[in-house]
Amino acid sequence: MQTKAFTSARPQRAAALKAQRTSAVTVRATAAPAAVSAPAASGSASDPLMLRAIRGDKVERPPVWMMRQAGRYQKVYQDLCKKHPTFRERSERVDLAVEISLQPWHAFKPDGVILFSDILTPLPGMNIPFDMAPGPIIMDPIRTMAQVEKVTKLDAEAACPFVGESLRQLRTYIGNQAAVLGFVGAPFTLATYIVEGGSSKNFAHIKKMAFSTPEVLHALLDKLADNVADYVRYQADAGAQVVQIFDSWASELQPQDFDVFSGPYIKKVIDSVRKTHPDLPIILYISGSGGLLERMAACSPDIISLDQSVDFTDGVKRCGTNFAFQGNMDPGVLFGSKDFIEKRVMDTIKAARGAGVRHVMNLGHGVLPGTPEDHVGHYFHVARTAHERM
């Protein structure tokens with residue numbers, strides 16, 4: 001991958017998604033791997049609301065879900081954690097991963113049900129062991145070319161079959177009532193954990209590598225991009241109808257360095273997936289992305305997920321209207337009164353409508369620990385009845 005700034009013309013994807021091949025699929029909740037059957041040539045009115053909204057069908061309201069909607073703020077999840085205290089057990093046992101993924105579905109009926117998992121889950125399949133204690137720990141941080149050469153090609157079905165089986169079971173259970181979402185980490189964000197050895201406050205090791213031995217980082221990012229693209233395909237074949245790419249730490253890069261170490265590899269993932277799964281909607285989310293919106297657009301995702309640092313209308317102006325947009329209410333709003341929550345949900349929906357763009361209602365970041373569950377319920381209620389409030 002060349003170390004120069006990248007540019008990309010936005011392809012006209014809305015029309016392609018309008019004709020998205022999303023007819024009913026056959027999914028098997030068995031131990032044997034099974035791909036979703038080949039879909040038909042055009043979308044159906046019975047498809048999940050999220051798919052119809054993303055491809056530009058006329059819908060009476062925007063679909064709604066929340067990042068991190070499965071997990072830490074729900075009492076039912078906290079009670080489950082007492083019986084199953086390790087994150088990897090909860091995310092790698094099919095029965096638990098499916099149960100946790102469905103907890104917010106049972107409580108709030110979101111329009112998207114996202115798999116309970118982690119962006120680091122596929123790393124052991126690349127010969128990069130990790131653990132959670134409780135945060136991520138990479139046993140042997142990669143900082144040399146010799147170590148990069150030991151990173152292997154991912155065989156997701158061999159390395160993390162529980163991901164595929166969990167997605168198959170979710171599709172079987174949910175049917176067309178909601179869209180099932182998978183997700184992956186972007187190459188740069190995965191590299192931060194791999195190089196730093198876990199979470200970091202200053203990202204000194206990866207920045208040292210980027211600016212002193214960039215050839216090592218590029219070699220790692222190139223392998224990660226290939227593996228992430230394969231992992232997206234695996235999730236789609238198992239039943240994920242939408243996949244979100246999280247580049248959680250890309251905003252730690254100066255924009256000119258994003259053009260070298262992050263953007264080209266996100267685009268490589270998206271371009272690779274489009275060759276085999278041209279109708280799979282891909283969301284791109286970057287936390288703290290206010291300085292990177294135009295660069296996110298250059299990666300050519302189908303949906304740009306705006307975080308709360310960005311005014312929605314300004315975000316659309318900067319990215320253009322060829323994209324669908326997701327977001328972008330501050331998750332902290334959910335600590336406010338229900339009247340305040342209603343106002344801010346409607347402000348977001350009205351901003352998207354005013355901008356004339358396809359919209360998926362979401363937060364600008366994951367829901368926060370300690371958020372009152374009845375406030376989360378009110379968020380979903382307001383969004384689901386938004387058409388009655390306009």
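Lys338, Ile341, Glu342, Val345, Met346 and Ile349 of helix H16 touch Asp374, His375, His378, Tyr379, Val382 and Ala383 of helix H17, where touching, or contact, means heavy atoms within 4.5 Å. Sorted by class, this contact has seven nonpolar, two polar and three charged residues (Ala, Val, Leu, Ile, Met, Phe, Trp, Tyr, Cys and Pro count as nonpolar, Asp, Glu, Lys and Arg as charged, and the others, Gly among them, as polar). This is a predicted model, in which local features need pLDDT of at least 70 and side-chain atom pairs pLDDT 80 or more, while totals for chains, interfaces and linings use all residues. Residues are numbered from 1 along each chain, and side-chain values use heavy atoms, leaving out hydrogens and water.

H16 covers residues 338-355 and H17 residues 373-384; their axes come within 9 Å and cross at roughly 40° (axes are lines fitted to C-alpha atoms over the stretch in contact, with angles from 0 to 180 degrees between N-to-C directions). H16 and H17 are therefore oblique to each other, since angles under 35 degrees count as roughly parallel, over 145 as roughly antiparallel, 65 to 115 as roughly perpendicular and the rest as oblique.

Now for Thr189, which sits in helix H9, residues 187-196 (helices are DSSP runs of H or I, at least four residues, and strands runs of E, at least two, numbered from the N terminus). Thr189 is buried, at a relative accessible area of 0%; buried means under 20%, exposed over 50% and partly exposed in between, with a 1.4 Å probe and protein chains only. Beyond neighbours within four places in sequence, Thr189 contacts Ile119, Phe246, Asp247, Ser248, Trp249 and Ala250.
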